[in-house]
Amino acid sequence: MSEALFYADSESPIVLLSAKKHFDQLSTPELKSYAHYLSKASLEGSKAVLRSVSPESEPIYDLIMGIHKSLGEPKSNEEYFDAITTLSKQEVLQYLEYASQFLGNMGNYKSFGDRKFIPRLASDKFESLVKGLNDTKLDQLFQLVADAIYNTSKGLLGYPEKGLESNYYPLRDDQDSKEEEVITKAEIDSVNKALTEAGIMPENTRVVKEKNGNFTVLVASANSDNIYKDLDLKTDTGLAIGFQFGDHAQEFKKIVENLEHALKYVSNETQDKLLRYYIESFKTGDMSAHKKSQIEWVKDLKPEVESNIGFIETYRDPSGVRGEWEGLVAMVNHERTAKFSKLVENARQFIAQLPWDAVYEKDKFTPPDFTSLEVLTFAGSGVPAGINIPNYDDVRLNYGFKNVSLGNVLSANPKNPKKEEVITFVEDQALFKRWRDDAFEVQVGLHELLGHGTGKLLQETEPGKFNFDRLDSRIKTWYEPNQTWGGLFGAIAGSYEECRAELVALYLILKNPKEVLPIFGITTETDQKEVCYIASLLMIRAGLLGLEFWDPNAKKWGQPHMQGRFAIMRQLHQAGVFEFVHSKPDFSDLKIVIDEAKLSDGTAVDALGDFLGQLHVFKCSGNRDAGVSYYVEKSDVGEEYAKYRDIVIKEKRPRKQLIQANTVLKDDGSIELIEYEESEAGMIQSYYDRNLR
């Protein structure tokens with residue numbers, strides 16, 4: 001595989017995720033203090049993200065911070081150019097681009113795609129940069145990670161036995177990567193099964209295979225006490241499973257400390273309970289306390305400062321059960337929230353239009369809290385545009401969930417773009433740019449509310465008791481006691497669910513635009529027709545671009561959303577909704593041409609509905625074998641689409657990097673919000689000011 005495929009992005013748009021206006025509008029100083037300490041708690045977990053990615057990610061982070069300090073904390077790219085005299089301006093920029101992208105992804109693998117990236121700066125030039133600082137510790141740190149920085153042999157995140165990277169399954173310091181010491185997929189599955197049967201949630205764990213063949217489960221916690229010490233846990237083959245608490249202990253002590261400060265500024269009893277459960281979970285490592293926190297979180301309706309913290313999404317664990325640390329802190333955007341509130345009010349009528357029988361839907365749809373937020377802090381490997389949580393199925397069923405649209409992420413664009421934006425594979429540039437933000441906002445809203453928010457998991461809740469009519473002849477399979485959606489469908493669950501949610505959104509946009517789109521202020525027939533067209537084009541183009549994240553050698557998708565979008569694109573293409581048009585053999589003039597009549601005559605809606613209905617029923621009925629087989633077939637690339645991958649990669653544009661603000665406690669007790677220059681140096685300074693050292 002070409003090394004060029006792994007180079008860090010060049011000329012990536014860097015955007016300030018501005019939150020100052022909404023932070024300054026918080027109604028009391030107490031709310032600002034509450035937001036400040038929640039933000040600090042969230043950010044303190046960042047090193048847990050680094051440690052779940054790759055062994056070298058944490059020392060690379062320390063190296064970048066050390067270089068910044070040694071240079072005197074340059075505030076701009078120009079100050080970096082002046083400070084580094086051992087390299088040319090272009091070489092300094094190559095270092096800055098790598099450092100900025102590393103920080104934006106919280107590791108040396110892309111958060112969107114899971115592919116490793118390396119500096120464009122040559123290794124010897126990187127070394128000369130470090131040596132020029134005359135700092136022995138930094139020199140030693142570089143020597144420690146130099147090979148790992150540039151080594152692309154483990155180019156994707158995935159199962160270690162397949163030669164891929166995952167530090168959810170780390171080696172001990174005295175181990176190496178000999179075949180007998182690398183944990184296998186079968187061994188991971190056996191540990192996961194044992195934990196599930198013991199009622200232990202794995203989201204905050206990592207797993208080590210010891211030299212004697214036994215396993216140690218590392219549990220994230222401030223305390224080192226083993227709360228499972230009385231358990232005699234073994235795999236099906238009789239290998240022992242032990243526990244080591246205190247993974248990330250130093251950071252988790254700081255998380256707990258900041259949450260204890262935040263407790264002083266809660267607005268109600270629900271927030272008090274929420275934070276106390278967080279503290280219990282992060283102190284002890286007990287995930288059941290975190291589940292209780294999410295019950296309280298769902299009850300805390302429309303707070304001025306919203307937050308959700310913990311090991312939330314499980315996309316990056318190849319087995320699909322271990323979570324990545326995330327911490328969201330944000331303020332409400334009341335204007336946007338009004339739109340989403342109207343969507344919630346109409347949710348029942350839209351659910352009735354979805355292509356499945358009532359048995360596969362909740363007995364009663366409880367409208368969630370749906371809020372548009374302006375992000376102050378999002379700690380993790382990347383910032384999404386929308387969130388639907390919690391991910392605990394029983395909490396969602398019994399207590400509900402929240403939908404969150406992140407407004408300043410949706411609208412984030414650089415103030416001074418480095419070059420004029422060209423939308424690849426699209427003919428009508430002006431129309432696309434005019435409607436893409438509006439179409440995306442509608443897609444995100446429907447995706448989060450009615451995509452992730454619909455469906456009933458048919459389950460044997462305890463031996464002999466079912467949450468559905470056991471005599472219903474349509475239902476041949478279901479979830480057994482203690483089985484969960486993620487645990488049963490495994491690594492493919494994340495992508496499968498994202499595809500299902502995307503289908504719900506586009507299906508409803510095209511099926512009933514006259515009822516859906518006015519909620520978002522799109523009222524005229526012409527505008528509605530154009531938004532339907534651009535929403536479809538957005539999805540189709542995203543599916544085409546998804547080919548970048550498909551590895552033809554490993555036959556593996558590296559990004560769950562893009563696998564789902566590709567599958568939708570393929571479904572629409574097979575139905576004749578659009579064509580790929582080109583005249584050159586290298587596809588350099590490739591364009592997506594939609595037959596607009598098929599967006600309104602039922603062709604597109606029927607194709608989407610058939611795909612969606614099948615996915616939904618397989619999920620709800622726990623029919624793993626049929627569901628996985630069906631989805632894998634639908635997202636199979638094959639030669640018909642693989643031929644476009646080279647031009648997709650050649651024409652790819654770098655993703656936006658988002659610089660977040662920091663809050664600072666002043667001597668007088670007030671909280672100040674600091675924003676940064678839209679540059680690579682601004683990104684580095686924003687992380688340096690977090691003091692995660």
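Biologist: In which segment does Leu-5 lie?

Modeller: Leu-5 lies in the segment before strand 1 (14-16). Helices (H or I, at least four residues) and strands (E, at least two) are DSSP runs, numbered from the N terminus. This is a predicted model, in which local features need pLDDT of at least 70 and side-chain atom pairs count only at pLDDT 80 or more, while totals for chains, interfaces and linings use all residues. Residues are numbered from 1 along each chain as its sequence is written, and side-chain values use heavy atoms, with hydrogens and water left out.

Biologist: Is Leu-5 buried or exposed, and with which residues is Leu-5 in contact?

Modeller: Buried means under 20% relative accessible area, exposed over 50%, and partly exposed in between (1.4 Å probe, protein chains only). Leu-5 has a relative accessible area of 14% and is therefore buried. Contact means heavy atoms within 4.5 Å. Neighbours within four places in sequence aside, Leu-5 is in contact with Arg-115, Arg-645, Ile-649 and Lys-652. Phe-365, by contrast, is 360 residues from Leu-5 in sequence and 46 Å away in space, C-alpha to C-alpha.

Biologist: How are the overall dimensions of the chain to be read, and what is its radius of gyration?

Modeller: The radius of gyration is taken over C-alpha atoms, and the globule rule is 2.2 Å times the number of residues to the power 0.38. For 693 residues, a compact globule would have a radius near 26 Å; the chain has 25 Å, which agrees. The C-alpha trace spans about 70 × 65 × 60 Å along its principal axes. The chain holds 28 helices and 19 strands, and 60% of its 693 residues count as buried. Of the contacts between residues at least 6 apart in sequence, 74% join residues at least 24 apart.

Biologist: How many positive and negative side chains does the chain have?

Modeller: In this count, Lys and Arg are positive and Asp and Glu negative; His and the chain ends are not counted. The place of a charge is taken as NZ of Lys, CZ of Arg, CG of Asp or CD of Glu. The chain has 83 positive and 108 negative side chains, and the centres of the two sets lie 1 Å apart.

Biologist: How is a sheet read, and what is the strand order in the open sheet of 4 strands?

Modeller: Strands of a sheet pair through backbone hydrogen bonds, either parallel or antiparallel. Two strands are taken to pair if DSSP finds at least two bridges between them. The open sheet of 4 strands has the order 2-3-5-4, with mixed pairing. Strand 2 (205-209) and strand 4 (233-234) stand at its edges with a single partner strand each, so one side of each has no neighbour in the sheet. Strand 2 runs antiparallel to strand 3 (residues 215-220), joined by 5 bridges; here Val-208 stands opposite Thr-216.

Biologist: Which strand pairs with strand 6 (residues 305-313)?

Modeller: Strand 6 pairs with strand 7 in the antiparallel sense, over 8 bridges. In this pairing Val-305 stands opposite Met-331, and Phe-311 has Trp-325 as its bridge partner. Strand 7 also pairs with strand 8 (residues 369-379), again in the antiparallel sense, over 6 bridges, with Gly-327 opposite Ala-379.

Biologist: Why is strand 7 described as largely enclosed?

Modeller: In strand 7 (residues 324-332), 9 of the 9 residues are buried, so the rest of the structure largely encloses it. Strand 6 is also largely enclosed, because 9 of its 9 residues are buried.

Biologist: Let us turn to backbone geometry. Which residues does a cis peptide bond join?

Modeller: The cis bond joins Ile-389 and Pro-390, with omega about 10 degrees. Pro-390 is found in the loop between strand 9 and helix 15 (393-398).

Biologist: What is the phi of Glu-73, and where does Glu-73 lie?

Modeller: Glu-73 has a positive phi of about 60 degrees although it is not a glycine. Glu-73 lies in the loop between helix 4 and helix 5 (77-83) and is partly exposed, at 27% relative accessible area. Glu-73 is among the residues touched by His-68, which is placed in helix 4 (residues 57-70) and is buried, with a relative accessible area of 0%.
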